[in-house]
Amino acid sequence: MEINTVAILSPGDMGHAVGQRLRENELDVITCLVGRSARTRELSAKAGIRDVSNVEELVGQSDLIMSMTVSAAVPSLCREVADAIKSTGSDTLFAECNAIAPQLTRDMEPVITDAGGRFVDVSIIGGPPRQGYSPHFYTSGDQAAEFEQLNDFGLTVIKLDGEVGQASGIKMCYAAMTKGSWALYSELLMAAELMGLTEPLLEEFREGQSSVLRRMERTIPTVPPRSRRWISEMEEIRDTFAHLGMTPHLFEGVAEMYRFIGSTPLGEEFPESRDRERSFTDTIRLLSQYVQKEEDAG
């Protein structure tokens, strides 16, 4: 089926940028902002995404729905869309683009297809689209070739062989490396700060781990504003590894680390509103103060 109208659920950090890229490449892009935050409404308006009045209208108008939300919201959103598909008789293509375990993706497929829709597994690796850049959209399953049409509209789509779940699986492995590392870096640097060892540790990194140190300097300040929505993603990685017979405990710890960071005042910030003058050492120092406060309170 030819794709002319794409629905974005929801136009947050990633979703609004994807919607803007598709709109700039001559696709009609819609969303439904009922119950969404003022920030999401602002991002959607900035991207020029057209708002419709309800999910039934969104389903009825769209050739493709791209679901981009926090991992924990996936089952309820799939059920909401499935109900709208049933009520409208639509056979729209539903792209599950969230960071979820392959087994959850496979569980969601019949929710959509039994309602009369079509389902494709998609995962996104990389940051939101920007000038001259697109993240990689991996896709798998029977409808993957149809989703590949978005290569013609400003996105970078990579089709994987195999069934639904393959695209989700590559996201789980990649995010385990990136976000798992950032949690590890944050925790070990906080430990050094609490022991008064920050400067000698950084000097050792400069001597023997200079490329890792540069990643820390670039990435650590960006972690707190994103930490809350990463909690459920880390739990999905935990479930992926447990399903494969491996330990879930590493990513239980990573989820707990992001839960802590998100509970601090730094976790209240948004990516666009964070203090860009705050260095990575300042970030670690401030986070360490809240570890100490928790210890004192205990």
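Accessible areas come from the Shrake-Rupley method with a 1.4 Å probe, and for residues only the protein chains shown count as cover. The model is predicted: local features need pLDDT of at least 70 and side-chain atom pairs count only at pLDDT 80 or more, while totals for chains, interfaces and linings use all residues. Residues are numbered from 1 along each chain as its sequence is written, and side-chain values use heavy atoms, with hydrogens and water left out.

The chain exposes about 13,600 Å², of which carbon and sulfur atoms supply 49%. Buried residues (under 20% relative accessible area; exposed is over 50%, partly exposed in between, with a 1.4 Å probe and protein chains only) make up 51% of the 298 residues. The radius of gyration, taken over C-alpha atoms, is compared with a globule rule of 2.2 Å times the number of residues to the power 0.38. For 298 residues a compact globule would have a value near 19 Å, so the 20 Å of the chain agrees. Along the principal axes, the C-alpha atoms fill a box of roughly 65 × 45 × 40 Å.

Helices (H or I, at least four residues) and strands (E, at least two) are DSSP runs numbered from the N terminus. There are twelve helices and eight strands. Two strands pair if DSSP finds at least two bridges between them. The eight strands of an open sheet with mixed pairing follow the order E3-E2-E1-E4-E5-E6-E7-E8. E3 and E8 are at the edges with a single partner strand each, so one side of each has no neighbour in the sheet. E1 and E4 pair in the parallel sense over four bridges, and Ala7 stands opposite Ile65 in E4.

Some of the elements named in this report are listed below.

| Element | Residues |
|---|---|
| Strand E1 | residues 5–9 |
| Strand E4 | residues 64–67 |
| Helix H7 | residues 166–194 |
| Helix H8 | residues 198–208 |

Axes are lines fitted to C-alpha atoms, for helices over the stretch in contact, and angles run from 0 to 180 degrees between N-to-C directions. H7 and H8 pack at about 135°, with their axes 8 Å apart.

Met68 lies in the loop between E4 and helix H4 (74–88), and counts as buried at 8% relative accessibility. With contact meaning heavy atoms within 4.5 Å, Met68 touches residues including Ile8, Met14, Cys97 and Ile124, not counting residues up to four places away in sequence.
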